[in-house]
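Student: I have the model open. Can we go through it by question and answer?

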Amino acid sequence: MDKLKPCPFCGSNMAFVQNSVVDKQTEGVHFDIPVAVVTCGYCCATVGFFKIKGDISIEEAEAKAIEYWNMRAGDEEDYDEL
Ligand SMILES: [Zn+2]
């Protein structure tokens, strides 16, 4: 797992990752949606990632959430796949 960078808003090192599966029912169709969220434990800034279509594991959702949390203005090479 990639290490979390300090919070871009308050600078603390209190960020942590949480993940779960959201149970969603839409027009009779049932989805289990993997959700991963990085939250700053000090100022509560949050970056989340989930995907409705396609197969993605909790681990992949978590890796994406961490990648987005660690993204900073000026890191242009990181924007390629967005
Ligand atoms: Zn913060």
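Student: What is the geometry of the site of the zinc ion?

Tutor: This is a predicted model: local features need pLDDT of at least 70, side-chain atom pairs count only at pLDDT 80 or more, and totals for chains, interfaces and linings use all residues. Residues are numbered from 1 along each chain as its sequence is written, and side-chain values use heavy atoms, with hydrogens and water left out. Four donors count as tetrahedral if all angles lie between 85 and 135 degrees. The angles among the four donor atoms here are 102 to 117°, so the site is tetrahedral.

Student: Which residues coordinate the zinc ion?

Tutor: Donors are N, O and S atoms within 2.8 Å of the metal (3.2 Å for Na, K and Ca); water is not among the atoms, so sites may look incomplete. Along the chain, the donors follow the spacing C-x2-C-x29-C-x2-C. At 2.3 Å, the SG atoms belong to Cys7, Cys10, Cys40 and Cys43.

Student: Is Cys40 buried or exposed?

Tutor: Buried means under 20% relative accessible area, exposed over 50%, partly exposed in between (1.4 Å probe, protein chains only). Cys43, at 34%, is partly exposed. Cys40 has a relative accessible area of 0%, so Cys40 is buried.

Student: Which kind of aromatic pair do Phe49 and Tyr68 form?

Tutor: Rings of Phe, Tyr and Trp (its six-membered ring) pair if their centres lie within 6.5 Å; planes under 30 degrees apart count as stacked, over 60 as edge-to-face and the rest as tilted. The structure holds one such pair. The centres of Phe49 and Tyr68 are 5.7 Å apart and the planes are at 75°, so the pair is edge-to-face.

How values were computed
Four donors count as tetrahedral if all angles lie between 85 and 135 degrees; four count as square planar and six as octahedral if opposite donors are over 155 degrees apart and all others between 65 and 115; anything else is irregular.
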